[in-house]
Amino acid sequence: MNEFTTTRHNHLIDPALHIWGWEIPVYLFLGGMVAGMMVISGWFLFSGRHRNTRCSCFLLPGLAIVLLTAGMLALFLDLEHKRFVWRLYTTFQITSPMSWGSWILLLVYPALIANVLLRLPPVLAGRFPRMDALSERLRERADLLRGVGAINLVLGGLLGIYTGILLSTLGARPLWNSALLGPLFLVSGLSSAAAFGHMVARDREERELLARADNGFLAAELAIFALFIIGLTTATRAHMQAAELLLDGPFTAVFWVFVVGAGVAIPLFIQSLAVRHRIQHTPVAPLLVIAGGLALRFVIVYAGQASRWLPN
Amino acid sequence: MARFGMVIDTARCVGCMDCVVACKTENDVPDGFCRDWITETVSGSFPDLSMEIRSERCNHCDDPPCVTCCPTGASHVDDFGSIVLVDPDLCIGCKACLAACPYDARFIHPQGYADKCTFCDHRVRDGLDPACVAVCPTRCMHFGDLDDPGSEVNRLLGSRRHHSLLPEAGTRPRIFYLT
């Protein structure tokens, strides 16, 4: 028998850590999706697909700015000392993933704006003809297009990985203490962005391409889930107990039904049929993928807070 | 630079909570929060039971994850005695340090910044013991420089069996419990 009694009763700490509510999962989800959009649109620019004027590489960056701003707002709402938020940009703390993230986010905006400038949305082009003329001249510079594409690719990759590393470096929470969270959140972000692109693509060939890419991302996500669980269940007792939160605990149903089932396996099955032309492309699978990506962040953030080293 | 630490004799601690009250009074800790607290662990099978009563707080670790994860440098190790402190004017209240601490020793002060035990650094700079140590009626708590071979804390660690909390978390805590 081991009985543990404490007189501590601090708000947000006891009986179990619950410092992060909906804001952080939403921020991580939107950050991951924006990262995916940057990688996809960056790749399309880099590979010359932008020559098709209906390319989603001209649609995704503008939307990414809106989503990223919404994510940053959620992050800001989570801060307890809001009027000091500017302190993030008075220093760079090399060991802090959050410091890296705040500076990466600062670089992401100009990269996305440069991407938007390459082909202004019609509403802006009509209102600012000089900017439209500038973007037309920019599009004639192949090296510039490739450069903007490469920068979006790299920054998108960093942003996507950062959303996972942010949690995985917090070793006090055994569920998060896995280097696989970085790749998992990156692949999930790519999957959500590809699903969104699949849904809104105006070009049939591009829709097929994004659906195929999404299938690859979803398959990779399943593989990382398996490695993540294996890693936890073969580590220390604290990690095994953390894994039990997902395997036989309060988060089991939501993880397997909404994240793995409805968020990955079912849309993978549907999209596999669609790319083989057995069924038509519909928004059902992409919407499931996007909802699954959001559910993944909620489960990981909440379950991680419920995991801890065992008191001695 | 000193490397302050604490040694607590669990054979003497009776869990009276004087240390908790002294800390709250000395540091004006807001209602509903505590920087130090008492834990009681009972282990074994009846009738072979053993009990340990401990006064716990921030462990002022040698490898403090709360400091390495802080994005603004608000959480830092001070130059005076390697004490882990928080600068409220730099803290944005992101709560990463709360998540990073395996001892759950931090909390968010009602004014919005992360708060925790400071080893009463304002008293230590004046040559006094932390308030919790000074008031302990059983004299079970000892404070001193772990880098000073002649300090009382080192003498106790050299002569008595002891343990620290969650050494497996790899933070190298500087509070030791004599058993």
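Reply: An angle over 145 degrees between two helix axes, taken between N-to-C directions, counts as roughly antiparallel. The model shown here is predicted. In chain A, the axes of helix α7 (residues 181–200) and helix α11 (residues 284–306) come within 8 Å and cross at roughly 155°. α7(A) and α11(A) are therefore roughly antiparallel to each other. Their crossing is left-handed.

The residues that make this contact can be listed helix by helix. From α7(A) come S188(A), S191(A), S192(A), A195(A), F196(A), H198(A) and M199(A). By residue class, the contact of α7(A) with α11(A) consists of seven nonpolar and five polar residues, with no charged ones.

The contact between the chains may now be set beside this pair. There, 37 residues of chain A are in contact with 42 residues of chain B. On the side of chain A that touches chain B, β1 (2–6) and α3 (97–118) each supply at least two residues. β1(A) gives the most to that side, with five residues. The residues on this side of chain A divide into 15 nonpolar, 17 polar and five charged.

β1(A) also takes part in strand pairing across the two chains. With strand β2 (residues 37–45) of chain B, β1(A) pairs in the antiparallel sense over five bridges. Within this pairing, T6(A) has T39(B) of β2(B) as its bridge partner.

Note on methods:
Residues are numbered from 1 along each chain as its sequence is written. Chains are lettered from A and ligands numbered from 1 in the order in which they are written. This is a predicted model: local features need pLDDT of at least 70, side-chain atom pairs count only at pLDDT 80 or more; totals for chains, interfaces and linings use all residues. Two residues are in contact if their C-beta atoms, placed from the backbone, lie within 7 Å. Helices (H or I, at least four residues) and strands (E, at least two) are DSSP runs, numbered from the N terminus. Ala, Val, Leu, Ile, Met, Phe, Trp, Tyr, Cys and Pro count as nonpolar, Asp, Glu, Lys and Arg as charged, and the others, Gly among them, as polar. Two strands pair if DSSP finds at least two bridges between them. Axes are lines fitted to C-alpha atoms, for helices over the stretch in contact, and angles run from 0 to 180 degrees between N-to-C directions. Angles under 35 degrees count as roughly parallel, over 145 as roughly antiparallel, 65 to 115 as roughly perpendicular and the rest as oblique. A crossing is left-handed if the near helix is turned anticlockwise from the far one by less than a right angle, and right-handed if clockwise.
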